[in-house]
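Trainee: I would like to learn how to read an interface between two chains. Where do we start?

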There are 4 protein chains.
Amino acid sequence: MGLYRWLHNQLVPEARESGISLTNWFIISLVLASFLFLALETEPTLLAVPEWRVAFRWFNVTVVIIFAIEYVLRVAIAGMRPEYAGFVGRLRYITRFYSIADLLAFLPELIVMVIGGGIPLIALRVFRLFRLIKIARFVPAFDVLGAAMKRAGSQLLTTLAMAMALVYVAAVLLYFIEGVGQGRPEFNSIPRAIWWSIATLTTVGYGDVYPVTTLGRIAASVIAIAGIGVVALPAGVFASAFSDELRERQLQKLQDRVEEAEAKKGAAPEESGA
Amino acid sequence: MGLYRWLHNQLVPEARESGISLTNWFIISLVLASFLFLALETEPTLLAVPEWRVAFRWFNVTVVIIFAIEYVLRVAIAGMRPEYAGFVGRLRYITRFYSIADLLAFLPELIVMVIGGGIPLIALRVFRLFRLIKIARFVPAFDVLGAAMKRAGSQLLTTLAMAMALVYVAAVLLYFIEGVGQGRPEFNSIPRAIWWSIATLTTVGYGDVYPVTTLGRIAASVIAIAGIGVVALPAGVFASAFSDELRERQLQKLQDRVEEAEAKKGAAPEESGA
Amino acid sequence: MGLYRWLHNQLVPEARESGISLTNWFIISLVLASFLFLALETEPTLLAVPEWRVAFRWFNVTVVIIFAIEYVLRVAIAGMRPEYAGFVGRLRYITRFYSIADLLAFLPELIVMVIGGGIPLIALRVFRLFRLIKIARFVPAFDVLGAAMKRAGSQLLTTLAMAMALVYVAAVLLYFIEGVGQGRPEFNSIPRAIWWSIATLTTVGYGDVYPVTTLGRIAASVIAIAGIGVVALPAGVFASAFSDELRERQLQKLQDRVEEAEAKKGAAPEESGA
Amino acid sequence: MGLYRWLHNQLVPEARESGISLTNWFIISLVLASFLFLALETEPTLLAVPEWRVAFRWFNVTVVIIFAIEYVLRVAIAGMRPEYAGFVGRLRYITRFYSIADLLAFLPELIVMVIGGGIPLIALRVFRLFRLIKIARFVPAFDVLGAAMKRAGSQLLTTLAMAMALVYVAAVLLYFIEGVGQGRPEFNSIPRAIWWSIATLTTVGYGDVYPVTTLGRIAASVIAIAGIGVVALPAGVFASAFSDELRERQLQKLQDRVEEAEAKKGAAPEESGA
């Protein structure tokens, strides 16, 4: 039972008052390394080198096995928390969001490794993105992300709707000026004009599509100067909601700690105060 | 008369305390779908497929008929509101901004469908943008947009004027350096240099025009570093006015609700308080 | 003398409590029109049309004559203000910044028109930019611009210095990686690398210069993500100083008006209050 | 000993209550000039001119000698401050960060100048970047930079992690859509797709890589609109922390001065107040 307790303390983030256990740091590093390897593995210049191919294969096998063991251990010790105790509890644990992500992070590749053949391995790589959720658990801000969205709520939706409307109207305008009027292939349909419109209003400006007629350039100039502010509004609204949310939580945490400290002190001095 | 009341409740947004009626959700979806179809309809790769052409035709006919019926019903039930009752009231209803937009959203296409011939359908599509105003009715923020502009008022104008002046001066400078001095065709007139100047100062940077001489690049660098902030000022001013306006309204709404609640409670306790 | 007073009231902005006189509105419009014409005049496609050439010539002559008359009138009525009365006062008026700009806005072109020949007219056009200062007089914000810079002061300088340092270091890095290491011509000197560095860190990104080696791209990525925020700092500092300055002035103006109103009211009620 | 005191007052910034001594202004100018020359020195068009080559050589020799003398003097007068007095103090002075930077700013080039031969001079130029630290000493904001980072701390890390995750996920998505699906060389590995992803999400948009398929463009559009805000978050967080830090310091300095002034005044009036 000592091993169980130790494992619980190592694997479950909530078991510690603060900080991240060594085991979890190892898992985080492994996930990050697996993202690095996922990227390198797709590079043709590296795939041409046999040594790299062997390294990729061994790394992948090792990671899948470690994540499989981790998953089994997590399910095993889940019972130590009352809400996941018993058979029904285990079922509840296995079917929760984080556990499913944990499973999808290794199972598809494990199956193909054991069974082999048939399925192209490349398509399975996309499942590795679930490993992102393995880390998300340790980053409290991913939680904040959702809360910030809820907080920005109607304001975010409103500004997004306005941005969309502007992108669409700008595209229709340029479609008529450059596409219908001038017969330029880059603007000869509204979806294509939308591609221009997004590239311009987000100020990315790849330069693959741009107006060349005088009227088109005048329209694009007016749209750019007036529109960039509107398209940047949702990002601004979200950023400020995110920052507010984060600050509030930090304040809340501070307050909690102060109250706790006062509660501890409070018991004794109260008597002397009376 | 029960049908009239039901229609009134379904069609007029102000008839409900909050939320949007099913009928209006249907109209919103229809407008959004019509924008999607308007975009797809211009795509040559889809127009080449006969099935898509048939689908576009049927969808357009259906939408026009539904909007025509909606318009007739809206005029019919307008009389239920005292301000639009009677013949003069109806006239007042029909001539208001939203009603004209409702009419323009289907009438031009309906006429061409019935009469046929002559007029190219493509030019009529631009009238579909009036459908945007059909939705604007349900998005309170379009209202805020105007209020925010009024609020930013002189500050917005001032910063816009400064941005324009900077765009112009930058263009004149580069025109003299790159156009007159080097004879480069992209800068051989001030209007063309303005196109560069806007693309640079909004940071879109398509890459179709850029200075190549040493002096031109030095000038462009100084302009970019000093000017991007100035050109971004109007957007910033507007964003902050928009956000202030929205926050104020939300506060106002909250306060109204609190006052209402207190007014309800107030009647009884006042006596016991005395 | 009535004409003098009328002219004074029409020409001198400070003579009116608020708003801009009709004569000054006319001058503002003329300046704006002259900027439009300056731009059009450089367009080769318009210069090819004889009618446009005639229109440009007549417009320029008219504008220069009007500005000459305006200048003479301004000097004539300057004596009505005590600080510019007498010969010394006139001298003081003529040598102040705005008057010199007024003079340079028409004199060079007038001289060439009268004397003709020799000097290329194109170089004279740059003097028309002085007309911008003619309008600046009526836009109180140009004043704010300077005040905002003073207010942002050391913070603006500090952030600008940091931005410059970053631009330089980024350029040196890419020069060594892409230029020295790979012999790419776009990066084969630090000044050229600075051109890339500015285009990237301001997010303009023309696309005429970009790293192609793996190491160069990694360096550029890190620089972009870390550096864009730093290079945007001066603009942000300036924007916030500008906005603060403007708000403060509006508040000041409001307060002045309130105090004035109270001073007027104050005289009478004070007695009844005593 | 008077010379020593004068040198101390001239060289050590902390020796003066405010402002920068003439000697230090000279050193700052020299560093800035050496950066200008470093840039010019790499320009092939200038290197082709023998006169420039001679100028570069003489300037470099002069600067290295001046910095060598400066270093020796700084070490010599370091003893005037109690913390650097004695042999151990000198050692402590020589091994501190700023002194090492001072040494590296001239020593490598001095050695090669004296010994000559062998080592390519071009690689040594990178050591000149240490001269940046020579100026950093006089810019209090470089200090603020670090403090702002500490202040933004977890918030900066969190938003950076989110930005990185988004850049990675966007790259994986486009790799599968454009690279695996369409076989386009610009997206045929995740590292290459990351290059696109960074250029897009920072809105640099060089235009060397962009999606061309319909699905790729839809994905890129959604990523751009949703992601630009997220990638801009770290910069925003840092900017606000920087501004807060700077304001706080200015306030602190003001408060210190007020307290000092009160302390001086305080001694006398206190008696009269009693």
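Mentor: Start with buried area: the accessible area (1.4 Å probe) that two parts lose on being put together, summed over both. This is a predicted model, where local features need pLDDT of at least 70, side-chain atom pairs count only at pLDDT 80 or more, and totals for chains, interfaces and linings use all residues. Residues are numbered from 1 along each chain as its sequence is written, chains are lettered from A in the order in which they are written, and side-chain values use heavy atoms, with hydrogens and water left out.

Trainee: What area is buried between chain A and chain B?

Mentor: About 2900 Å², with carbon and sulfur atoms giving 73%. Contact means heavy atoms within 4.5 Å. Chain A puts in 36 residues and chain B 33 residues.

Trainee: How many salt bridges are there between chain A and chain B?

Mentor: A salt bridge is a side-chain nitrogen of Lys or Arg within 4 Å of a carboxyl oxygen of Asp or Glu. The count here is two. One pairs R192(A) with E43(B), their closest N and O atoms lying 2.8 Å apart.

Trainee: Which elements of chain A give two or more residues to the side that touches chain B?

Mentor: Helices are DSSP runs (H or I, at least four residues), numbered from the N terminus. The elements are α10 (140-180), α11 (190-201) and α12 (214-266) of chain A. The largest share, 12 residues, comes from α10(A).

Trainee: And the domains of chain A?

Mentor: Domain bounds come from an automatic or database domain assignment. For chain A it gives domain 1 (1-138) and domain 2 (145-267). Their centres, taken over C-alpha atoms, are 35 Å apart.
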